[in-house]
Amino acid sequence: MAQGNHSLGLCAVAMMLLFVSPETSATARQPAKTHVIVVGNLSFGAVPNSVRVGDTIVWINKDIFRHTATARDNSFDLDLAPGAQAQTVVKKTGILDYYCRFHPGMTGKISVVRRLQ
Amino acid sequence: MMRKLAATAFLAFAVGSAAFAKEDSKLNDAQIAHIAYTAGQIDIAAADQALSKSHAPAVRAFAETMKRDHKAVNDQATALLNRLRVKPEANPTSTALSEQATHSLAELAKLEGSTFDRAYIQNEVTFHQTVNAALQNTLIPDADNADLKSLLRTGLSLFQAHLIHAKQIAQSLR
């Protein structure tokens with residue numbers, strides 16, 4: 001009987017861990033987010049706040065012109081036809097400088113911070 | 001000799017600003033549309049010439065962008081005018097623009113290599129400055145239809161972006 005109670009106790013603890021652990025890991029690791037930057041009227045739209053390594057940036061071209069979203073450090077070069085969208089995953093911390101290859105006057109920058117563990 | 005020809009070509013295109021001298025009476029929307037459309041076509045023709053003559057990657061990429069962007073605006077303009085049932089109306093300004101552009105193309109055709117590249121890009125700087133001023137001071141204020149005014153504003157944003165690009169290339173070609 002004592003043995004049976006002990007097994008039941010272990011089982012209960014295991015069940016609690018099962019239910020608790022997903023929530024705990026979610027708050028601790030911060031899930032990756034998706035941010036949107038709209039391109040329109042020959043300019044890059046508002047820059048998202050709190051971009052972290054591992055987040056995704058989606059670029060949506062709402063202009064009538066073809067554009068690119070091109071990183072100064074060559075880490076990405078996205079061709080954006082009118083009405084098209086493309087995405088990139090942020091790989092490192094720091095200032096992410098980008099521009100349009102077709103219209104070099106179009107520039108922007110995002111501050112990327114590390115992901116909290 | 002080549003330097004002199006380049007200077008001649010530059011002057012030929014630069015006097016395009018004279019075509020935008022303020023007319024006596026206010027332009028109507030059909031005339032404004034014709035001027036804006038003509039300016040776009042002129043830049044497309046200049047880009048075609050550059051693509052047939054230049055071997056410089058930066059100059060060719062710029063010309064490709066000019067073709068693509070001005071075609072996009074002119075396609076929008078055509079669609080708008082069809083919707084409004086407005087027929088573009090030739091006028092002294094658009095006619096003068098076309099004549100000067102024809103002359104400029106002929107002058108630029110005489111140039112080769114880096115001399116052509118520099119003259120083409122310098123002309124692009126001057127042409128975009130001239131059209132920007134015309135859009136800001138005359139064409140946009142005079143336009144009555146709200147959709148036409150809006151499209152002209154888009155055109156102005158485009159010409160301003162092209163001007164920055166052309167100046168950057170001009171600097172790199174020095």
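This is a predicted model: local features need pLDDT of at least 70, side-chain atom pairs count only at pLDDT 80 or more; totals for chains, interfaces and linings use all residues.
Two strands count as a pair when DSSP finds at least two bridges between them. Four strands of chain A come together in an open sheet, in the order β2-β1-β4-β7, and their pairing is mixed. At the edges stand β2 (43–44) and β7 (85–89), each with a single partner strand, so one side of each has no neighbour in the sheet. In general, the strands of a sheet pair through backbone hydrogen bonds, and they can do this in parallel or antiparallel fashion. In chain A, β4 and β7 run antiparallel and are joined by 5 bridges.

Of the 174 residues in chain B, 53% are buried. The accessible surface of this chain comes to about 8,300 Å², and carbon and sulfur atoms account for 55% of that area. How much of the contact pattern in chain B comes from residues 24 or more positions apart? Among contacts with a separation of 6 or more, such residues account for 83%.

Thr38(B) is found in helix α2 of chain B. Is Thr38(B) buried or exposed? Its relative accessibility is 9%, and because buried means under 20%, Thr38(B) counts as buried. Leaving aside residues up to four places away in sequence, Thr38(B) touches Ser94(B), Leu97(B) and Ser98(B).

Charged side chains come next. Side chains of opposite charge can pair when their charged atoms come close. Over all chains, the count comes to 11 salt bridges. Three of these pairs are described here, beginning with chain A.

Arg66(A) forms a salt bridge with Asp79(A), and the closest N and O atoms of the two are 2.6 Å apart. This pair links distant parts of the chain, 13 residues apart: Arg66(A) sits in the loop between β4 (56–61) and β5 (67–71), whereas Asp79(A) belongs to strand β6 (residues 77–80). Arg66(A) is partly exposed, with a relative accessible area of 27%. Asp79(A), at 39%, is partly exposed as well.

In chain B, a salt bridge brings together the side chains of Lys67(B) and Asp48(B), at 2.9 Å from N to O. Which helices does this pair link? Lys67(B) lies in helix α3 (residues 57–84) and Asp48(B) in helix α2 (residues 29–53), so that distant parts of the chain, 19 residues apart, are linked. Lys67(B) is partly exposed, with a relative accessible area of 31%, and Asp48(B), with 36% relative accessibility, is also partly exposed.

The last pair stays inside one helix. The side chains of Lys71(B) and Asp75(B) meet in a salt bridge of 2.8 Å, N to O. Both residues lie in helix α3 of chain B, 4 residues apart, which is about one turn of the helix. Lys71(B) counts as partly exposed at 47% relative accessibility, and Asp75(B) is partly exposed with a relative accessible area of 41%.

Definitions and conventions. Residues are numbered from 1 along each chain as its sequence is written. Chains are lettered from A and ligands numbered from 1 in the order in which they are written. Side-chain values use heavy atoms; hydrogens and water are left out. A salt bridge is a side-chain nitrogen of Lys or Arg within 4 Å of a carboxyl oxygen of Asp or Glu. Helices (H or I, at least four residues) and strands (E, at least two) are DSSP runs, numbered from the N terminus. Buried means under 20% relative accessible area, exposed over 50%, partly exposed in between (1.4 Å probe, protein chains only). Contact means heavy atoms within 4.5 Å. Accessible areas come from the Shrake-Rupley method with a 1.4 Å probe; for residues, only the protein chains shown count as cover.
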